[in-house]
Amino acid sequence: MNTDRKARWAVRQSALPTVVRPCPDCPGTRHRPSGKIRVNASGKLLDVWLLLSCAGCDRTSKVPVHERAHVSSLDPARLVAYETNDAVVVRELATSASLAARNCYRLDWTGTWELEVRTPLHALDDPTPLTVLVAFELPVPVRVERLLMLGLGLSRTAVRRMVEDGRIQLPPALTPTSKAHRDFALTLRRPAAVRRATSAGVAAPVPAATTADLSRVDLGRADLGSPRAASRTPRRRPLVARVAGG
């Protein structure tokens, strides 16, 4: 019997979040990161800004990152990244909740991510509990039940019922309605495994009638949202799917 069953789900970036704040030149409030950073030097003092472009009128605006900072206070490699518009640093700044709070704007994460689901070869018919490792490529706040609905192709009601009866075990700090933005792990159990765990005092009893049986859930089908996805015969091969998230 396999004792190390793991699936990997990854929240992948599909776009950078939109910056929501008023534009001085038009009624618009939505701004796109331009992909550029501006550095201005006055002697040994530096100002660093993230540049935005208004979606309505294309006006360029600046988000202060460092103001009147002494050049010696910045890491040389970081300064080079600013000066060369390093894509990784641009993404870090564009997704920074602390930078948004400091500059009084809101990040709109709509349409910025998708869920990649990777299921191992033996994941569909092995009775051993399955550990799902969820990794975030960007710090988008996603409701846990939303991830479960996309990853398993189930309804919100079915997901919540599976959490309640112990077939989905979340970390203590998370509930289905929590928003996660950092890596975490969860465990999926089949009804029989839950019953065995219950007899040992580990989980709650499983209802006689269940709406979603993990033995019939193909975690990697491309049409995870289809009503028939949970009733198809599992395929014994590695499964990879990407599902648009939000």
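## The open sheet

Five strands make up an open sheet, in the order E5-E4-E3-E2-E6, with antiparallel pairing. Strand E5 (60–70) and strand E6 (106–108) are the edge strands; each has a single partner strand, so one side of each lacks a neighbour in the sheet. From one strand to the next, the twist averages 40°. Strands, like helices, are DSSP runs numbered from the N terminus (strands: E, at least two residues; helices: H or I, at least four). Two strands count as paired if DSSP finds at least two bridges between them.

This is a predicted model: local features need pLDDT of at least 70, side-chain atom pairs count only at pLDDT 80 or more, and totals for chains, interfaces and linings use all residues. Residues are numbered from 1 along each chain as its sequence is written, and side-chain values use heavy atoms, without hydrogens and water.

Strand E2 (residues 18–20) pairs with strand E3 (residues 30–42) in the antiparallel sense, over two bridges. Val-19 has His-31 in E3 as its bridge partner.

Helix H2 (residues 87–94) packs on the sheet and touches E3, E4, E5 and E6. Its direction makes about 115° with that of E3. Helix H1 (residues 76–83) lies across E3, strand E4 (45–54) and E5. H1 runs at about 125° to E3. Axes are lines fitted to C-alpha atoms, for helices over the stretch in contact; angles run from 0 to 180 degrees between N-to-C directions. Contact means heavy atoms within 4.5 Å.

## The nonpolar core

The largest nonpolar core has 47 residues. Such a core is a set of buried Ala, Val, Leu, Ile, Met, Phe, Trp, Tyr and Cys residues joined through side-chain atoms within 4.5 Å. Trp-9, Trp-113, Phe-136, Leu-147, Ile-168 and Leu-186 have the most contacts inside it. Helix H4 (residues 144–152) gives the most to this core: six residues.

Beyond its neighbours within four places in sequence, Leu-147 contacts residues including Trp-9, Trp-113, Phe-136 and Phe-184.

## Around Glu-137

Glu-137 sits in the loop between strand E8 (130–136) and strand E9 (142–143). Its relative accessible area is 34%, so Glu-137 is partly exposed. Buried means under 20%, exposed over 50%, and partly exposed in between (1.4 Å probe, protein chains only).

Val-11 is 126 residues from Glu-137 in sequence, yet their C-alpha atoms are 5.8 Å apart. Not counting residues up to four places away in sequence, Glu-137 touches Val-11, Arg-12, Gln-13 and Arg-91. Its side chain makes a polar contact with the side chain of Arg-12 (3.3 Å). The Glu-137 side chain also reaches the backbone nitrogen of Gln-13 at 2.8 Å. A polar contact is a pair of N or O atoms within 3.5 Å; within protein, one must be able to donate a hydrogen and the other to accept it, and residues adjacent in sequence count only if both atoms are side-chain atoms.
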